[in-house]
Amino acid sequence: MGGVNRRISTLIVAMVPILTFGMLLTVVTVPYVALGPGPTFDTLGEVEGKQVVEIEGTELHPTTGHLNMTTVSQRDGLTLGQALIFWASGRDQLIPRELVYPPDKSKDEIDEANTKDFRQSEDSAEYAALHYLKYPMAVTVESVDADGPSNDKLQSGDAIDAVNNTPVANLEEFQEILKDTKPGDTIAVDYRRKNGPAGTVDIKLGKHPDRDQGLLGVSVLDAPWAPFTIDFNLANVGGPSAGLMFSLAVVDKLTTGDVNGSKFVAGTGTITGDGEVGSIGGITHKIAAADEAGATVFLVPADNCDEAKTADVGDIDLLKVETLEQAIDSLRTLSAGGEPPRC
């Protein structure tokens, strides 16, 4: 009987570290984030019943094929067990959490910055597409201060053509006129509005916080202007790296023929207002996501090419792009049976 009890005691003692390790796997969290292939979205298609790229106020042309933007999945708050599973899978990558969530910033601050970056990328994608399509430049209202003098008088997207009957062709001319104003002055602003009539509005200037001139309460920039609206209906998905694919969708919808040659094209890349394509993070995960979605062509920012070539690309054709114009030219060259620049 004593021998049996000793064996049971030995078994219990042996089980303690196993049970303890099991609890550690499911309870203890680790300071790592898992990155992997995320969902892709066809910028020529719909999401939740809305066009991903919605253009209103002008003639649109039918499109075929795909222009998919790609994302990286991000899993935070990992337990030790989950981290080990992701590490062993070979599909996901573990990186220190501080690289994604800097310790000197709160999660809300990071989310707010990401949302701001995404909105700016949408504006840049629109401007890049309109620049490629050769729409003329104008002094364009980027935003209106909610409690400023121009609230309910000017709108984001308005083109300012003149101030006090003096034409303004660019931002420099616009700023020169405002330099000669003072708080309390009333100025007449001639504007054009997207999907609406042009007009003139009188605005009483407020007090500028750090200048003697009057405050109009708008943010403006030189940008190509079109009389129709372009909206991107993906909320904060993809971050600034969605810029290139958004621009391609705009161009495809506004021109005859298919930019993608009816192929399943995916890609990534930031974009500036004049069409320069910039590098992004997680390129290997995005290529994997595109491959799983069925893409046959992937647009790679030039600076990401070396890393992209380390990915398991399957049968995907990796095209190297530096500008929006080059991306479009490369896709057309590929469709015609030519040899576009590749990674």
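Which backbone nitrogen does the side chain of histidine 208 reach at 3.5 Å? Some notes from going through the model follow.

1. Housekeeping: this is a predicted model, where local features need pLDDT of at least 70, side-chain atom pairs count only at pLDDT 80 or more, and totals for chains, interfaces and linings use all residues. Residues are numbered from 1 along each chain as its sequence is written, and side-chain values use heavy atoms, with hydrogens and water left out.

2. Histidine 208 sits in the loop between strand 12 (206-207) and strand 13 (214-215); helices (H or I, at least four residues) and strands (E, at least two) are DSSP runs, numbered from the N terminus. At 14% relative accessibility, histidine 208 counts as buried, as buried means under 20% relative accessible area, exposed over 50%, partly exposed in between (1.4 Å probe, protein chains only).

3. Back to the opening question: the side chain of histidine 208 reaches the backbone nitrogen of arginine 211. Histidine 208 also has a side-chain to side-chain polar contact of 2.9 Å with aspartate 210. Polar contact here is a pair of N or O atoms within 3.5 Å; within protein, one must be able to donate a hydrogen and the other to accept it, and residues adjacent in sequence count only if both atoms are side-chain atoms.

4. Glutamate 46, in strand 2 (residues 46-47), counts as exposed because its relative accessibility is 54%. Its side chain makes a polar contact of 3.2 Å with the side chain of glutamine 51.

5. In helix 7 (residues 283-293), the buried residues include Ile283, His285 and Lys286. Glycine 294 follows helix 7, with a positive phi near 110 degrees.
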